[in-house]
Amino acid sequence: MIRGGPARLRPEIVSYYDETWFDYRVLWMTLRNPAIHFGYWDGATRTHGQSLDNMDRVMADIAQVRPEDRVLDAGCGVGGGAFWLAQNRGARVHGITIVENQAARGRRFARARQVEARVSFTCQDFCHTAFADAVFDVVWARESVCHADDKRAFFAEANRLLRPGGRLVMADFARVSRPSSPEAERLLRAWLERWAVPDLATPDELMRSAASAGFEDIQVEDVTSAVEPSLRHLHRLVTALSPGAKFLHRLHLRSDVQHGNIKGSEAMWAARRGGLWVYVIVSAHKPRVNDPAQSG
């Protein structure tokens with residue numbers, strides 16, 4: 001399946017996820033779901049942990065993940081989504097990340113969960129992978145494409161990797177407009193730069209990128225209201241922990257990257273209150289190959 005080729009390691013992204021691992025592990029992940037993404041809340045959701053699982057369920061339903069589907073988890077973190085898909089949908093999942101420590105932790109977690117026969121991890125760039133053409137049924141990406149310099153390259157690579165009729169599902173942040181006012185751009189930059197995100201695409205830009213890559217049946221759904229409780233949860237954590245984090249930063253017990261994660265979270269909340277970004281789920285299909293026997 002793999003044809004060879006090194007990952008393009010982006011030092012600022014690797015540093016961000018390496019240095020913020022403790023924060024995510026202690027404050028966000030659950031024992032059941034080692035997730036580093038926002039949750040999806042509906043009428044039946046009662047806890048943070050349920051919301052994390054629910055995001056997996058919503059995306060899997062949209063992508064119609066079935067038993068034995070081969071799924072590429074593009075920007076997999078430490079494998080939360082991959083484990084859910086293997087355990088709940090019977091899928092075979094390969095997770096890729098440019099953060100080697102994440103891939104190594106994912107492999108350890110897979111062994112601990114006894115799903116290593118169905119879940120694997122390698123260190124790769126999801127815009128330039130080492131896989132052969134048309135080897136996956138689903139490409140899955142969550143809060144990862146935001147880190148790409150060129151979002152179009154992700155969609156082009158996803159299309160290449162999918163079999164005819166394959167499905168794409170992606171959950172991520174999107175900026176509301178381009179251009180924004182100078183004040184709005186400064187607020188977005190205060191968030192994005194601290195989270196190692198070069199820029200956000202607008203929903204229209206995401207749709208156009210998917211279309212230009214050859215996808216069809218493209219849907220971009222604004223699900224910000226379903227994610228809003230997770231945003232409030234993060235805001236409460238940041239508000240409570242910010243004074244102590246600032247003190248530890250002054251004592252050089254927390255790094256600039258770790259402190260920037262807190263400050264970026266504050267700016268993210270302010271940017272959302274200002275209506276500068278939304279949370280979207282993008283879905284699409286790769287066209288099926290026409291059967292000559294059925295044409296004419």
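Which elements do the buried residues of α6 pack against?

**Entry 1: ground rules.** I am working on a predicted model, in which local features need pLDDT of at least 70, side-chain atom pairs count only at pLDDT 80 or more, and totals for chains, interfaces and linings use all residues. Residues are numbered from 1 along each chain as its sequence is written, and side-chain values use heavy atoms, with hydrogens and water left out.

**Entry 2: helix α6.** I took helices (H or I, at least four residues) and strands (E, at least two) as DSSP runs, numbered from the N terminus. I called a residue buried under 20% relative accessible area, exposed over 50% and partly exposed in between, with a 1.4 Å probe and protein chains only. By that rule nine of the 11 residues of α6 are buried, and the helix is mostly covered. Among them are Lys 151, Glu 157, Asn 159 and Arg 160, along with Ala 153 and Leu 161. The buried residues pack against β1 (70-74), β4, β5 (162-175) and α8 (203-212). Contact here means heavy atoms within 4.5 Å.

**Entry 3: ring pairs.** I counted rings of Phe, Tyr and Trp (its six-membered ring) as paired if their centres lie within 6.5 Å; planes under 30 degrees apart are stacked, over 60 edge-to-face, and the rest tilted. The structure holds 15 aromatic pairs. One of them is Phe 131 with Phe 136, edge-to-face at 5.1 Å centre to centre and 85° between the planes. Phe 131 is buried at 0% relative accessible area, and Phe 136 is buried at 2%. Phe 154 and Phe 155 also pair edge-to-face, with 5.3 Å between centres and 70° between planes. Both of these belong to the buried residues of α6; Phe 154 has 1% relative accessibility and Phe 155 has 0%. I also noted a cluster in which ring pairs link Trp 28, Phe 38, Phe 173, Trp 191, Trp 195, Trp 277 and Tyr 279.

**Entry 4: Leu 234.** I looked up this residue in helix α9 and found it buried, at 13% relative accessibility. Leaving aside neighbours within four places in sequence, Leu 234 is in contact with Trp 28, Phe 38, Trp 195, Ser 265 and Met 268. Trp 28, Phe 38 and Trp 195 are members of the ring cluster. Leu 234 and Arg 25 are 209 residues apart in sequence and 14 Å apart in space, C-alpha to C-alpha.

**Entry 5: charge over a ring.** My criterion was NZ of Lys or CZ of Arg within 6 Å of the ring centre and within 35 degrees of the ring normal. Arg 105 lies over the face of Trp 21, 4.1 Å from the ring centre. Arg 113 lies over the face of Phe 109 at 5.5 Å.

**Entry 6: salt bridges.** I required a side-chain nitrogen of Lys or Arg within 4 Å of a carboxyl oxygen of Asp or Glu. The count comes to 25. Arg 92 bridges to Glu 68, with the closest N and O atoms 2.9 Å apart. Arg 92 lies in strand β2 (residues 92-97) and Glu 68 in the loop between α3 (48-63) and β1, so the pair ties together parts 24 residues apart in sequence. Arg 92 is partly exposed at 30%, as is Glu 68 at 41%.

Asp 133 is partly exposed at 48%, whereas Arg 160 is buried at 18%. I also noted a salt-bridge network of Arg 175, Arg 178, Glu 185, Arg 189, Asp 199 and Glu 205.

**Entry 7: Ser 144.** I placed Ser 144 in the loop between β4 (136-142) and α6 (151-161). Ser 144 is buried, at 4% relative accessibility. Not counting residues up to four places away in sequence, Ser 144 touches Ala 74, Gly 75, Phe 126 and Asp 172.
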